[in-house]
Amino acid sequence: SIEIEKMLPQFTTMNVIDGQAGLMSYSSLIFYSLTIDNILNIIVLLILAGVTIATLAGDNGILTRASEASIETRGASVEERKNLWKTEQQTDSYTNETTAKELNELLDDLVNEGLLTDAEKQTVLDSEDHSVQIGSRNIVFGNTLADDFKQGKIEAGDVIGYKATDGVSYTSYATKNGCSDQEFVSSSDVEWKVWGIDEETGGLMIVPSQPITSTAGEGLYIKGFPGYNNGVEELDNISEIYGHGKGAISARSLTEPDVTKILGFTEEDKKEAYSTYGTEIIATSGTWIDGTTITADNPKKGIDEYYEFSANDDNIPTKDNQKLYDLIFIEDTDEFYYLLATPFMMVNAFGDFNFYYYAVIWDGIDGFYMGDTENNVYDDFLGVRPVVILDKNCTASDLAE
């Protein structure tokens, strides 16, 4: 019928009959059939394309799984490098060598090799345990305390979680200190603070918040030539009892250079503080520290190294740094003044040699008088201030284990 014909697809052809051209319109069921097939094919192709895209890019798609596998592989590589670095650190501890890189150097290498991004590197540096999440791996580098100090994460005067071993003892005998037998025993209850970096080992230096005392509740009594000659050894031996906690490699007494370095007090400052500092001195009479007699024919020479200063002087950098000031200077009581394992001498107004140890008092450095070439002696006690040297590879977690 005419109505059905209008519903069928139309196409037009040109027919030529007896030289006359004419256009003819046809209705085609065949064309209609072909059109339906094409539409069905397109629909099938679209469905297949959707399935393919989902397979490649879905949450569990091939591309997603490939990306995750790549991240996991990268994380495994970073963890392997971290473990190798830790092994190198442990080897260095046993051999006293320095082959392991600093954390910053290791991280820079990993970034340059494409194993870490710049953002991941910063995450390691900023996080408390120096860790980063890569895929399913939480990789903890555990920055060393020495690195933390160099990076300003911890500073001089900060409390640190070191625990000395309880019950290690040392007795300083009268023959060594010139006074009496005195026993010192270590305690894990002592609080410790950051001091600085030990130049020889590269490890962090820490000191007790307060000077330590003997079992009698006093510092070290020391006097005369025995005390002067053996003072460094005795102070170091007493201090050593605190060097057996986790992370420690040694302990000794604080010295005058330790204090002046952290204060920023130079040789020129010493000369300015005391005009005779650094000058040569000569003794022509009396008794020398080894018991020999001094005469004009057998004089003794030395360098006058006496000086004193107040930490409140304007030229002292710590004057306005309360944390550093409180670290070095304790209290205005004799019990909390402390000896430094650095002896020195000076000449007095009578031309005699006076023998001293440097000591930190409540607001500066002064001399602790031991005796002189005229056989005058003085005895008193001052506290002992150990400095514990931690392993250069020691981390905060090592102290807590």
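**Reading sheets, helices and rings**

Guide: Welcome! Let us start with strand 18 and strand 19, which run antiparallel and are joined by 8 bridges. Please keep in mind that this is a predicted model.

Visitor: How do the strands of a sheet pair with each other?

Guide: In general, strands pair through backbone hydrogen bonds, and the pairing is either parallel or antiparallel. Here, strand 18 and strand 19 form a hairpin, with 2 residues between them.

Visitor: Is strand 18 enclosed or open, and how many of its residues are buried?

Guide: Of its 9 residues, 8 are buried, so strand 18 is largely enclosed by the rest of the structure.

Visitor: What is the order of the strands in the open sheet of 6 strands?

Guide: The order is 10-20-17-18-19-16, and the pairing is mixed. Strand 10 (220-222) and strand 16 (309-310) are at the edges with a single partner strand each, so one side of each has no neighbour in the sheet. Strand 10 pairs with strand 20 (residues 380-384) in the antiparallel sense, over 3 bridges. In that pairing, Leu 382 of strand 20 is the bridge partner of Leu 220.

Visitor: Which strands make up the open sheet of 5 strands?

Guide: That sheet has the order 5-8-9-21-11, with antiparallel pairing. Strand 5 (159-160) and strand 11 (248-253) are its edge strands, each pairing on one side only. Strand 11 has 5 bridges to strand 21 (residues 386-390), again in the antiparallel sense, and Ala 248 stands opposite Leu 390 in strand 21. Helix 8 packs on this sheet, touching strand 11 and strand 21, and its direction makes about 145° with that of strand 11. Helix 9 packs on the sheet as well, touching strand 8 (192-197), strand 9 (204-208) and strand 11; its direction makes about 80° with that of strand 8.

Visitor: Which other strands does helix 9 lie across?

Guide: Helix 9 lies across strand 16, strand 17 (338-347), strand 18 and strand 19 (364-372), and it runs at about 100° to strand 17. Helix 9 (residues 256-263) is mostly covered, with 6 of its 8 residues buried. Among them are Val 259, Ile 262 and Leu 263. After helix 9 comes Gly 264, with a positive phi near 75°.

Visitor: And the rings: how is a pair of aromatic rings described?

Guide: By two things, the distance of the centres and the angle of the planes. A search of the whole structure finds 21 aromatic pairs. Tyr 228 belongs to helix 8 (residues 224-240) and Tyr 357 to strand 18 (residues 353-361), so the pair ties together parts 129 residues apart in sequence. Both Tyr 228 and Tyr 357 are buried.

Visitor: Which residues form one aromatic cluster?

Guide: The members include Phe 265, Tyr 306, Phe 344, Tyr 356 and Tyr 378.

Visitor: Which residue lies over the face of Tyr 338?

Guide: Arg 385 does, at 4.9 Å from the ring centre.

Notes:
Residues numbered from 1 in each chain as written. Predicted model: local features only at pLDDT ≥ 70, side-chain atom pairs only at ≥ 80, totals over all residues. Heavy atoms only, no water. Phe/Tyr/Trp six-rings, centres within 6.5 Å; stacked < 30°, edge-to-face > 60°. Helix = DSSP H or I, 4+ residues; strand = E, 2+ residues; numbered from the N terminus. Buried < 20%, exposed > 50% of the residue type's maximum accessible area, 1.4 Å probe, protein only. Lys NZ or Arg CZ within 6 Å of the ring centre and 35° of its normal. Pairing = 2+ DSSP bridges. Contact = heavy atoms within 4.5 Å. Axes fitted to C-alpha atoms, helices over the stretch in contact; angles between N-to-C directions.
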